Amino acid sequence: MAVKEIKAEELTWNPFTQIGKGWFLVTAGDEKASNTMTVSWGMIGELWGKDVVAVFVRPQRYTYEFMEKYGDFTLSFFGGEYKKALSFCGAKTRLKSAT
């Protein structure tokens, strides 16, 4: 499946419902190393004439390392029929190892 960038004004679904009541994945990294986790909090909007998106990931989450290191991330939204799979992703994401 090809990756397609979608501009905020092209969304055909309600971001308030999808983010507030649905779940989605956040992925960060590159082709050599990456991590994905399920999230259900964030926001989409406009700030100073620019489309923006924000998600909130605790520093204790392994995905946070990748977001900090690479600076970019991808959000993937799914319909309700994928809730079981998204639940699995959320349960299998891990906290960073204590060092």
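The following questions and answers set the values of this predicted model against the definitions behind them.

The model is predicted, so local features require pLDDT of at least 70 and side-chain atom pairs count only at pLDDT 80 or more, while totals for chains, interfaces and linings use all residues. Residues are numbered from 1 along each chain as its sequence is written, and side-chain values use heavy atoms, with hydrogens and water left out.

Q: What makes up the count of helices and strands in the protein chain?
A: Helices are DSSP runs of H or I with at least four residues, and strands are runs of E with at least two, numbered from the N terminus. The protein chain has 3 helices and 5 strands, in the order α-β-β-β-β-α-β-α from the N terminus on.

Q: Why are β3 and β4 called paired strands?
A: Pairing requires that DSSP find at least two bridges between two strands. Strand β3 (residues 42-47) and strand β4 (residues 50-55) are joined by 6 bridges, and they run antiparallel; therefore they pair. L47 stands opposite K50 in β4. The hairpin of these strands has 2 residues between them, and W48 there takes a positive phi near 50°.

Q: Why are β2 and β5 called edge strands?
A: The open sheet consists of 3 strands in the order β2-β1-β5, with antiparallel pairing. Strands β2 (34-39) and β5 (74-77) each pair on one side only. Neighbouring strands of this sheet are turned by 25° against each other on average, direction ignored, with axes taken as lines fitted to C-alpha atoms and angles running from 0 to 180 degrees between N-to-C directions.

Q: How do you know that β1 pairs with β2?
A: Strand β1 (residues 24-29) and β2 share 6 bridges in the antiparallel sense. F24 stands opposite V39 in β2.

Q: Why is F56 called partly exposed?
A: Buried means under 20% relative accessible area, exposed means over 50%, and partly exposed lies in between (1.4 Å probe, protein chains only). F56 has a relative accessible area of 46%, so F56 is partly exposed. The place of F56 is in the loop between β4 and α2 (62-70). By the definition of buried, 23% of the 99 residues of the protein chain count as such.

Q: What share of the contacts in the protein chain with a separation of 6 or more joins residues 24 or more positions apart?
A: Contact means heavy atoms within 4.5 Å. Residues 24 or more positions apart account for 58% of those contacts.
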